[in-house]
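Here are some exercises on one structure, each with a worked solution. Try each task before reading on.

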Amino acid sequence: MQQIINFIIKNKNFLLFLLLFSISLLFTIQSHSYHTSKFINSANFLTGGVYNSVNNISSYFNLKSQNEILAEENRKLRALLQNSVIETDSTYIDSVTFNKAYRFYTANIIKNSYSLTDNYLTINKGKKDSIKQDFGVISSKGIVGIVDKTSRGYSTVISILNSTIKISAQLKKTNHYGSLVWNGKAPSHAQLIDIQKIAPVSKGDTIITSGISSIFPKGIPIGTVDDFQLDNDQNFYELNVKLFNDMTNLEHVYIIENVNRKEINQLLDDDN
């Protein structure tokens, strides 16, 4: 202990310089958007490499469970292909053509937080992979979050377990929709608010994305209604939704790009 004290006394000028330099650097980053952006991108690059190395080790020991998940996903896709019926009349809409409005990219999660109030994930894809801010992120079971920041090879994703996020969602059996939010409590549940009280809501109802925003297409699974109640004004339901995804155990994800996103957002900006 005495040696540590002697070291501090001996190098007090240098240590004071480091402290003041760090404080000035912090103020500079916070007060200039350009410096903030560069700092975030650099941090993503450095931490992304560390997280990627750690993730490679953990992935090796988790191969069995992940292979089971992929096998189940392949089973569902085969079932959909096998059971699909193509109509020949003029009212039929080719789903393959319709889905060309969206591009899908694969990625792996290399860091995932779920115990905070505002949680984020890090994925191993970035600008060099054509990933951009506001792209949707899903897994084989359902919605995961929205891309927030990107560096060359990595991106951070705002998790649905984040108090700042709002996603347009609806009851699958009707067109009644509201906003999916998170109350910061259980990572297994999110809340769907602003559902009109005239909506026929039942426990076990499936919740999906509404397709109203330019981020997610309609029909991405979210979860099922666990319980519900009217809000304080007795005008809207608040639904407690049990998520299909286990947000504490994610690895493989898909990133969704709406090809027409820029045009849609421009149209919305013009209306405003």
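**Exercise 1. Trace the barrel: in which order do the six strands close?**

Step 1. Six strands close into a barrel, and the order is S6-S7-S8-S11-S10-S9. The pairing is antiparallel. From one strand to the next, the twist averages 40 degrees. (Axes are lines fitted to C-alpha atoms, and angles run from 0 to 180 degrees between N-to-C directions.)

Step 2. Note the basis. This is a predicted model: local features need pLDDT of at least 70, side-chain atom pairs count only at pLDDT 80 or more, and totals for chains, interfaces and linings use all residues. Residues are numbered from 1 along each chain as its sequence is written, and side-chain values use heavy atoms, with hydrogens and water left out.

Step 3. Strands are DSSP runs of E with at least two residues, numbered from the N terminus. Two strands pair if DSSP finds at least two bridges between them.

**Exercise 2. Which residues touch the most other members of the largest nonpolar core?**

Step 1. Define the core: a set of buried Ala, Val, Leu, Ile, Met, Phe, Trp, Tyr and Cys residues joined through side-chain atoms within 4.5 Å. Buried means under 20% relative accessible area, exposed over 50%, partly exposed in between (1.4 Å probe, protein chains only).

Step 2. The largest core has 44 residues. Ile207 and Leu239 touch the most other members.

Step 3. List contacts of Ile207 (heavy atoms within 4.5 Å). Residues up to four places away in sequence are not counted. Among the residues touched are Ala169, Leu192, Gly223, Leu239 and Val241.

**Exercise 3. How many salt bridges does a search of the whole structure find?**

Step 1. Apply the cut-off: a side-chain nitrogen of Lys or Arg within 4 Å of a carboxyl oxygen of Asp or Glu. The search finds three.

Step 2. Arg103 and Glu257 meet at 3.3 Å, N to O. Arg103 lies in S1 (residues 102-112) and Glu257 in S12 (residues 252-258), so the pair ties together parts that are 154 residues apart in sequence. Arg103 is partly exposed at 43%, whereas Glu257 is buried at 13%.

Step 3. Asp205 and Lys173 meet at 3.0 Å, N to O. Asp205 sits in the loop between S8 and S9, Lys173 in the loop between S6 and S7, 32 residues apart. Asp205 is buried at 11%; Lys173 is partly exposed at 48%.

Step 4. Lys128 and Asp129 meet at 3.4 Å, N to O. Lys128 is partly exposed at 49%.

**Exercise 4. Describe the aromatic pair.**

Step 1. Rings of Phe, Tyr and Trp (its six-membered ring) pair if their centres lie within 6.5 Å; planes under 30 degrees apart count as stacked, over 60 as edge-to-face and the rest as tilted.

Step 2. The structure holds one such pair. Phe228 and Tyr237 lie edge-to-face, 5.4 Å centre to centre, with 90 degrees between the planes.

Step 3. Phe228 is partly exposed at 31%. Tyr237 is buried at 17%.

Terms used. Helix = DSSP H or I, 4+ residues; strand = E, 2+ residues; numbered from the N terminus. Contact = heavy atoms within 4.5 Å.
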